[in-house]
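Please consult the sequence and the coordinates alongside the text.

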Amino acid sequence: MKNAKLLQTYYDLSLHMGISFADEQGNILSTRKPTPENQYDNPEINRNTLRKMLLDSLKSDTVVWDRKFIGLEEQNGKLLLHFENKQSETADFVIIANGGMSRARSFVSDSEVEETGTFIIQGDIHQPEINCPDFYHLCNGNRLMTAHQGNLLVANPYNNGSLSYGIIFRKPEEWADN
């Protein structure tokens, strides 16, 4: 972000939120509020806001849409991207942002996806102040985190008008066979 001269824009668009840590019963144990010294340590930004910020910073026709990526090779110091049923394109660099299980990932990284034995359920609750007011108020404007016996709950009450949450737990043994 700094090299692209977008760091200040990123900070301006992000939320500088605190973090509340709760026990398994939802009792708040401690809260870390943003201060002038730590406000830029871990700001939250909605992925759609981030995507728009990045796209708006580019010259028109920089991003090629409506293509199914099928391969990449280096050619004369440039990257040649191959697409299904479309003309190949060259690029100076490539950003692949479609997840760890993406087939495209192997073209930019030799790291392997590793099974961790955990499972994540993610969701969004629209209009949380109406649809889950107790949970929304428990967050109290902060990200909420709690852990118990290897399980984790993380919530963000301000994700583009929704309360986003993630529940992370170790997969039961009977799930071993998918």
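## Second largest pocket

The lining of the second largest pocket comprises six nonpolar, eleven polar and four charged residues. In this classification Ala, Val, Leu, Ile, Met, Phe, Trp, Tyr, Cys and Pro are nonpolar, Asp, Glu, Lys and Arg are charged, and the others, Gly among them, are polar. Helix 2, strand 6 (118-126), strand 8 (151-159) and strand 9 (162-170) are the elements that give two or more residues to this lining. Helices (H or I, at least four residues) and strands (E, at least two) are DSSP runs numbered from the N terminus.

The second largest pocket has a volume of about 530 Å³. Of its 21 lining residues, Arg47, Gln122, Asp124, Asn159 and Ser164 lie nearest the centre. A pocket is an open set of points on a 1 Å grid over the protein atoms alone, where a 1.4 Å probe fits and protein lies on both sides within 12 Å along at least five of seven lines; lining residues have an atom within 4 Å of a point. Points are joined across faces, edges and corners, and the volume is the space filled by probe spheres set on them.

## Basis of the model

The model is predicted: local features need pLDDT of at least 70 and side-chain atom pairs count only at pLDDT 80 or more, whereas totals for chains, interfaces and linings use all residues. Residues are numbered from 1 along each chain as its sequence is written, and side-chain values use heavy atoms, with hydrogens and water left out.

## Largest pocket

The largest pocket holds about 1600 Å³ of space. Its lining has 38 residues, and Val63, Val64, Val94, Ile95 and Ile96 are the closest to the centre. By class, 22 residues of the lining are nonpolar, six are polar and ten are charged.

Helix 2 (47-56), strand 3 (69-75), strand 4 (78-83) and strand 5 (86-91) each supply at least two residues of the lining of the largest pocket. The greatest contribution, six residues, is that of helix 2.

Three strands form an open antiparallel sheet in the order 3-4-5. Strand 3 and strand 5 are at the edges with a single partner strand each, so one side of each has no neighbour in the sheet. From one strand to the next, the twist averages 20 degrees, where axes are lines fitted to C-alpha atoms, for helices over the stretch in contact, and angles run from 0 to 180 degrees between N-to-C directions.

Strands count as paired if DSSP finds at least two bridges between them. Strand 3 and strand 4 pair over six bridges, and Glu74 has Leu79 in strand 4 as its bridge partner. Their hairpin has two residues between the strands, and Asn76 takes a positive phi near 55 degrees. Strand 4 and strand 5 are joined by four bridges, with Leu81 partnered by Glu89 in strand 5. This hairpin also has two residues between the strands, and Asn85 takes a positive phi near 55 degrees.

## Cysteines

The disulfide count is zero, a disulfide being a pair of cysteine sulfur atoms within 2.5 Å.

Cys132 is buried at 12% relative accessibility, and Cys139 is buried at 0%. Buried means under 20% relative accessible area, exposed over 50% and partly exposed in between (1.4 Å probe, protein chains only).
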